[in-house]
Amino acid sequence: MIKAILVFNNHGKPRMSKFYQYFNEDMQQQIIKETFQLVSKRDDNVCNFLEGGSLIGGSDYKLIYRHYATLYFVFCVDSSESELGILDLIQVFVETLDKCFENVCELDLIFHVDKVHYILNELVMGGMVLETNMTEILTRIEDQNKLEKQEAGIAAAPARAVSAVKNMNIPQQIKDMKLPDLPQAIKDLKF
């Protein structure tokens, strides 16, 4: 079972975190810090699995990670998970992000956190792997994008109405109105 998924940059700043076991906010921050210290000090040519930190379960858990450009993708798992399977899952996650954001970068994770979490939820739910087929995941994301566009069209209707009223240029139309001469109009009134 997956206990946590963490993504942080080369400086240890968390860019995404998902915990599948409850930890209070302070403990989550300490786990991220400890995990960064464990993972970042390793050479690029060593194995991508190591024993979990003391805060996240010690020797009962493994940290499985991949380092891409400026980001570390770290999965904390128990002994029932396959290390190679999780490495493959990380690869699928990163490739899916790459297809969705066209060359994913750190800023995509910062500015599109909702979409990143949606993609992650297509892969993993409640600490269990749901889907590893990237084609299926991309199909679900396309479906979600279509729904969002439909909702945006409905939600944009009031804005379009306001825009149409603004385009009428009502103040200018009032200025252009020809009103009759008031003193003459009063004389023409019959009582």
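Predicted model: local features only at pLDDT ≥ 70, side-chain atom pairs only at ≥ 80, totals over all residues.
Residues are numbered from 1 along each chain as its sequence is written, and side-chain values use heavy atoms, with hydrogens and water left out.

Let's begin in a loop. Glu-102 sits between α2 (83-101) and α3 (106-111), and the loop between α2 and α3 also holds Asn-103. What is phi for Glu-102? It is near 50°, a positive value in a residue other than glycine. Asn-103, also not a glycine, has a positive phi as well, near 65°. For background, most residues other than glycine have a negative phi. Glu-102 is exposed at 66%, and Asn-103 is exposed at 63%.

Now to the charges. A salt bridge is a side-chain nitrogen of Lys or Arg within 4 Å of a carboxyl oxygen of Asp or Glu. How many does a search of the whole structure find? Four. One of them joins the side chains of Glu-106 and Arg-15, at 2.7 Å from N to O. This pair links distant parts of the chain, with Glu-106 in helix α3 and Arg-15 in strand β2 (residues 14-19), 91 residues apart. Glu-106 counts as buried, at 18% relative accessibility.

Next, please look at helix α5. Arg-140 forms a salt bridge with Glu-136, where the closest N and O atoms are 2.9 Å apart. Both lie in α5, four residues apart, which is about one turn of the helix. Arg-140 also has a salt bridge with Asp-143, with 3.7 Å between the closest N and O atoms. Because Arg-140 and Asp-143 are three residues apart in α5, about one helical turn separates them. Shared partners join Glu-136, Arg-140 and Asp-143 into one network of salt bridges. Each member is partly exposed: Arg-140 at 34%, Glu-136 at 32% and Asp-143 at 36%.

What about a charged residue without such a partner? Asp-78, in strand β5 (residues 71-78), is buried yet has no salt bridge. Lys and Arg count as positive and Asp and Glu as negative, while His and the chain ends are not counted. On that count, the nearest side chain of opposite charge is Lys-62, 6.9 Å away. The side chain of Asp-78 does reach the backbone nitrogen of Met-1, at 2.6 Å; a polar contact is a pair of N or O atoms within 3.5 Å, where within protein one must be able to donate a hydrogen and the other to accept it, and residues adjacent in sequence count only if both atoms are side-chain atoms.

Finally, back to α5 for a pocket. Which element gives the most to the lining of the largest pocket? That is α5, with five residues. Among the lining residues are Asp-114, Tyr-118, Ile-141 and Lys-149. On a 1 Å grid over the protein atoms alone, a pocket is an open set of points where a 1.4 Å probe fits, with protein on both sides within 12 Å along at least five of seven lines, and lining residues have an atom within 4 Å of a point.

Methods:
Helix = DSSP H or I, 4+ residues; strand = E, 2+ residues; numbered from the N terminus. Buried < 20%, exposed > 50% of the residue type's maximum accessible area, 1.4 Å probe, protein only.
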